[in-house]
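Welcome, and thanks for taking a look at this one with me. Please have the sequence and the 3D view open side by side as you read.

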Amino acid sequence: MRIYFIRHSETDCNKNHLFYGSLDVPVNETGAAQADRLAALLEDVQFDRIYASDMLRVHQTLDIVLKRNKAAQQECPPVIFLPEIREIDFGLWEGKTYGEISEAYPDDVAKWCNDWENSIPTGGESFRHFISVRIKNAFFDIISDALAHGMTEKTILIASHNGVMQSMFAAIMNLELKGVWHFQFEQDAYSVVDFECDNYTVRKINSREHAK
């Protein structure tokens, strides 16, 4: 099974360097252009099963990609939207800069900086739960679902967020929690992993080559 991964395109929250994960914001003009470029790279790939975060920025990016996809124009499988692969929830830090958060919640920020794995953003979700429980379980559930639907020799697409993809790749490689920081996924590129005989092989990360 071949697995394609794409991240949503740019939003104003990305542009302004805000903490955000659970905020349901749209892509901006730059993001739409990024999605167009990504769509051109993937236009010849036939996706047999598609999983996506149910957040607006992912939905918009995926919609642009699939509208240009030649196979999808003929017969596109229904997109399976999963709240389980939403980005991490930063709670009351959502929509704020680091400076604003540090001023409003200095004690919580200090705890988080000293122990980012276990400390919880004010009213939000811990990285440990996000990476090692929610996303890890969701990824392996996706693989199980795909196999159960006959995708062993097929191609699937997972559309989500940077933190989600970081966590999925850490799970693929059996890395410790801090292993997520080895990855950064770009907003106009795609990544590819093959799954065969219970093994994962990373083929491409942040590719901007035309996929065939």
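This is a predicted model: local features need pLDDT of at least 70, side-chain atom pairs count only at pLDDT 80 or more; totals for chains, interfaces and linings use all residues.

1. Six strands make up an open sheet with mixed pairing, and their order is S3-S2-S4-S1-S5-S6. At the edges you will find strand S3 (79-82) and strand S6 (199-207), each of which pairs on one side only. On average, neighbouring strands in this sheet are turned by 20° against each other, direction ignored. As background, strands of a sheet pair through backbone hydrogen bonds, either parallel or antiparallel.

2. Now walk through the parallel pairs. Strand S2 (residues 49-53) runs parallel to S3, and four bridges join the two; Ala52 has Phe81 in S3 as its bridge partner. S2 also runs parallel to S4, again with four bridges, and here Ile50 stands opposite Leu157. S1 and S4 are parallel too, joined by six bridges, with Ala159 of S4 as the bridge partner of Ile6.

3. What is the pairing sense of S5 and S6? These two strands are antiparallel, with six bridges between them. Asp194 stands opposite Thr201 of S6. The hairpin of S5 and S6 has two residues between the strands, and Cys197 takes a positive phi near 55° there.

4. Helix H3 (residues 56-68) lies across strand S1 (2-7), S2, S3 and strand S4 (155-160), and runs at about 150° to S2. H8 packs on the sheet as well, where it touches S1, S4, strand S5 (190-196) and S6. The direction of H8 makes about 150° with that of S1.

5. How do H7 and H8 meet? Helix H7 (residues 127-148) packs with helix H8 (residues 162-172) at an angle of about 75°, and their axes are 9 Å apart. That angle makes H7 roughly perpendicular to H8. On the H7 side, the contact is made by Phe130, Ile131, Ile135, Lys136, Phe139, Phe140 and Ile142. H8 brings Gly163, Val164, Ser167, Met168, Ala171 and Ile172. By type, the residues of this contact are 10 nonpolar, two polar and one charged.

6. Stay with H8 for one more residue, Gln166, which is placed in this helix. Is Gln166 buried or exposed? Its relative accessibility is 8%, so Gln166 counts as buried. Leaving aside residues up to four places away in sequence, Gln166 touches Val180, Trp181, Phe183, Gln184 and Phe185.

7. The buried residues of H2 are Gly31, Gln34, Ala35, Leu38, Ala39, Ala40, Leu41 and Leu42. They pack against S1, H3, S5 and S6.

8. The C-alpha atoms of Thr97 and Leu18 are separated by 4.7 Å, although the two residues are 79 residues apart along the chain. Not counting residues up to four places away in sequence, Thr97 touches Asn16, His17, Leu18 and Phe19.

9. Lastly, a backbone point for you to inspect. Most residues other than glycine have a negative phi. His17, which is not a glycine, has a positive phi of about 55°. This residue lies in the loop between helix H1 (12-15) and H2, and His17 is exposed, with a relative accessible area of 65%. Asp198 also has a positive phi, near 65°. Asp198 is placed in the loop between S5 and S6 and counts as exposed at 66% relative accessibility.

Conventions
Residues are numbered from 1 along each chain as its sequence is written. Side-chain values use heavy atoms; hydrogens and water are left out. Axes are lines fitted to C-alpha atoms, for helices over the stretch in contact, and angles run from 0 to 180 degrees between N-to-C directions. Angles under 35 degrees count as roughly parallel, over 145 as roughly antiparallel, 65 to 115 as roughly perpendicular and the rest as oblique. Contact means heavy atoms within 4.5 Å. Ala, Val, Leu, Ile, Met, Phe, Trp, Tyr, Cys and Pro count as nonpolar, Asp, Glu, Lys and Arg as charged, and the others, Gly among them, as polar. Two strands pair if DSSP finds at least two bridges between them. Buried means under 20% relative accessible area, exposed over 50%, partly exposed in between (1.4 Å probe, protein chains only).
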